[in-house]
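This briefing covers charged side chains and their pairing. Please look over the sequence and the model first.

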Amino acid sequence: MRPTINVNESITYDVKRRLGAFEKKASQVVASALNRAMTNVATNISKETRKSYHIKATDIKKTISKTRATRANIDAIVVSRGNLIPLDRFKVSPRKVSPNRKTPIKAAVKKTGAKKLKGAFVADVHGIKVFKRQTDRRLPIDRLFGPSVPQMLDNDVNRRQINVEGRNTFYRRLDHEIDRILSRGLQE
């Protein structure tokens, strides 16, 4: 997922016009506003994802990388990259190891509800993990996984909300940065 805020010539021209005598600081103003918007987008990615999925913020933040904007390169990028997340990182019930369990365990990846996992079991192998046998025999077994964070973010409603919040933050911060430059200039 790549949230987008497009900075085109008309925005740059408007910033230069509003700065007047300080028009040389336009790229600095736009870069600062973009960086603040990028931070807001990263926060909203975590917030919006956790509304729909049983996942911790730290698991989401591990997948997010940011590239900051500079005066020379006015591009701020937030990208989420990651692998499938083990099922035990979501909501699994019961989490206790019980070799003689008769009822199937339940797992809830989304907050809409839990699903019974027939044949799955919980084992303590360097921590609690969820496994399932490949056949009726004891071995081999596979560890069960849920979706990756980028897959969770592939939701039009969440993406739209994140983009709207990011854009609003960008324009709010643009006004703030312009006011800050102008007030400093008048004091000198």
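Which residues gather in a patch of positive charge on the surface? They are Lys-47, Arg-50, Lys-61, Lys-66, Arg-68, Lys-91 and Lys-111. The model is predicted, so local features need pLDDT of at least 70 and side-chain atom pairs count only at pLDDT 80 or more, while totals for chains, interfaces and linings use all residues. Residues are numbered from 1 along each chain as its sequence is written, and side-chain values use heavy atoms, with hydrogens and water left out.

**Surface patch**
- Patch members have over 30% relative accessible area and no salt bridge, and like charges are joined within 9 Å.
- Lys-111 lies in the loop between β4 (105–108) and β5 (115–117), and is partly exposed at 45% relative accessible area (buried is under 20%, exposed over 50%, partly exposed in between; 1.4 Å probe, protein chains only).

**Salt bridges**
- The structure holds eleven salt bridges (a side-chain nitrogen of Lys or Arg within 4 Å of a carboxyl oxygen of Asp or Glu).
- Asp-59 and Arg-89 pair at 2.6 Å, N to O; this links distant parts of the chain, with Asp-59 in helix α3 (residues 57–61) and Arg-89 in the loop between β2 (77–80) and β3 (91–93).
- Asp-59 is buried at 7%, whereas Arg-89 is partly exposed at 34%.
- In helix α5, Glu-177 and Arg-180 are three residues apart, about one helical turn, and their closest N and O atoms are 2.7 Å apart.
- Glu-177 is buried at 6%, and Arg-180 is partly exposed at 23%.

**Network**
- Asp-14, Arg-17, Arg-18 and Asp-175 are linked in a network of salt bridges.

Key
Patches are made of residues with over 30% relative accessible area and no salt bridge: like charges are joined within 9 Å, nonpolar side chains (Val, Leu, Ile, Met, Phe, Trp, Tyr) within 5 Å. Accessible areas come from the Shrake-Rupley method with a 1.4 Å probe; for residues, only the protein chains shown count as cover. Lys and Arg count as positive and Asp and Glu as negative; His and the chain ends are not counted. The place of a charge is taken as NZ of Lys, CZ of Arg, CG of Asp or CD of Glu. Helices (H or I, at least four residues) and strands (E, at least two) are DSSP runs, numbered from the N terminus.
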